[in-house]
Amino acid sequence: MNEIILDFAVTFFHKLNLVTNIVDMDTPLPNDLDLGLRRSIMGEISKSLSENGFLPPTFTKEKTIYLSEDKYNCHYIFFPLAYDKCDKALVAGPYLIENTSIVRSNELCKKLGLAEGLYRFVHQYLATLPCLHDTSLVENFIDTIAEKIYGVGQYRIEYIRQTPDTQTIYKSEVDTTDNDDIMQRMEYRYNLEKKVINAISRGDFNAAMRASTDQALRNIDNRAPNTLRSKKNNLLAFNTICRKGAEYGYVHPIYLDEMSRQMAIKIENMVSIEQDVTIHGEILKNYCNMVQQNSTRGFSPTMQRALIHISQHQYDTDLTLQSTAESLNLNKTYLANLFKKETGGTFTAYVNGKRINHAIFLLNSTTAPIQEIASACGIPDVTYFTRLFKQEKGMTPSEYRKMISDT
């Protein structure tokens, strides 16, 4: 039973992008336990967990779980496995609880007395670590797992922090061959970016959200002196990634430029770090919706031109098959046949569908009168608008508004 619970805990930590190791108390620690930090800035480390002087060597037997912070601002979870004649520990980490920045990492390097040749490496290292702002989530999870393994009241959870010292001897610079761990984590991050871009190019909001909330992507390297500025920089970079995804989804640049501008303004107007999650989701949703509504993927070049023209003029009352054909220097009959061939419907049906979708958006997001919404959609005749809406949705605009207000 304990092994099942342990496997569950390891899976949970991996979902948070935390590396896990099971170590023997009296065996030298693996050099990659901290993802290569100490090996890179100090050299080989051969101490065991019981010899490192940071944790009490008997903590596994005492069933004490340690949430620790080392002198490099890295956090770890030390979970004792002192059962079934086992004297080992599950180690999860490293991770951060606050986004790093060059200013903050430089201050840390000065405090530790590191040579300037190590500054860049330390910053790169910290910038690639997962950042768990909500530590209560981890703490509550550990408490729950410990109850299942040890029993209620049969364990302790302690917090420990390592004091920086000036006795540690560091290298003057990092050997480039020691950068494998950082390179792997950077590759993982860029693979996440590709997943986000591909998901947005399909208009798949759920897939894009799953990839974009991975901590490896959320903790983007930055040079900001404070957390709010860091959040803004990360969101601006994310806005660029999403724009690229919509571009790959065959959305015309005219829409990309406007959406990118609107999101950049919203980001810069942030006044608290708590807005980060909301704006992150809004950026994703807007770009995915844009792909769903304005993508010309799969259409012929001529049809793409026609669809872009419709998107630009779909709320104009004088948008017709004739006016579109004239604007594109096409024969009206040829364009009508092209629509039938590539969309399976008529020009009018396509335009009306776009207009009704916009009406649904306005009914959900505003309290404007139905007449005003009809005009905003390019259909000033409210009777005709109501009839079209009912054909599409099986109810009138007023009935639809009542339905959404009652839910």
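This is a predicted model: local features need pLDDT of at least 70, side-chain atom pairs count only at pLDDT 80 or more; totals for chains, interfaces and linings use all residues.
Q: How many of the eight residues of strand β4 are buried?
A: Strand β4 spans residues 88-95 and is mostly covered. A residue counts as buried when its relative accessible area is under 20%. In β4, the number of residues that are buried is seven.

Q: Which residue stands opposite L90 of β4?
A: Strand β1, residues 20-24, runs antiparallel to β4, and five bridges join the two. Within this pairing, the residue opposite L90 is I22.

Q: Which residue in β4 stands opposite H75?
A: Strand β3 covers residues 75-80 and pairs with β4 in the antiparallel sense, over five bridges. The residue of β4 that stands opposite H75 is Y95.

Q: Which element gives the most residues to the largest nonpolar core?
A: This core has 33 residues, and those touching the most other members are I41, L49, F59, F78, L114, Y125 and L126. At least two residues come from each of α2 (37-41), β3, β4, α3 (102-112) and α4 (119-127). The element that gives the most, with five residues, is α4.

Q: With which residues is L49 in contact, leaving aside its neighbours within four places in sequence?
A: L49 is one of the residues that touch the most other members of the largest nonpolar core. Contact here requires heavy atoms within 4.5 Å. Leaving aside the neighbours within four places in sequence, the contacts of L49 are V23, M25, T27, L29, L55, F59, F78 and A89.

Q: Why do the buried residues of α17 line one face of the helix?
A: Helix α17, residues 382-393, reaches 16 Å from its first C-alpha to its last. Its buried residues are F385, L388 and F389, while T383 and Q391 are exposed on the other side. The buried residues line one face because, seen down the axis of α17, they fall within an arc of 100°.

Q: Against which helices do the buried residues of α17 pack?
A: The residues concerned are F385, L388 and F389. They pack against α15 (347-365), α16 (370-376) and α18 (397-406).

Q: Which residue has a side-chain oxygen within 3.1 Å of the backbone nitrogen of T383?
A: T383 is exposed, and the contact lies at the start of α17. The side-chain oxygen that reaches this backbone nitrogen belongs to D381.

Technical notes. Residues are numbered from 1 along each chain as its sequence is written. Side-chain values use heavy atoms; hydrogens and water are left out. Buried means under 20% relative accessible area, exposed over 50%, partly exposed in between (1.4 Å probe, protein chains only). Helices (H or I, at least four residues) and strands (E, at least two) are DSSP runs, numbered from the N terminus. Two strands pair if DSSP finds at least two bridges between them. A nonpolar core is a set of buried Ala, Val, Leu, Ile, Met, Phe, Trp, Tyr and Cys residues joined through side-chain atoms within 4.5 Å. The expected span of a helix is 1.5 Å times one less than its number of residues. The arc is that of the directions from the helix axis to the C-beta atoms. A polar contact is a pair of N or O atoms within 3.5 Å; within protein, one must be able to donate a hydrogen and the other to accept it, and residues adjacent in sequence count only if both atoms are side-chain atoms.
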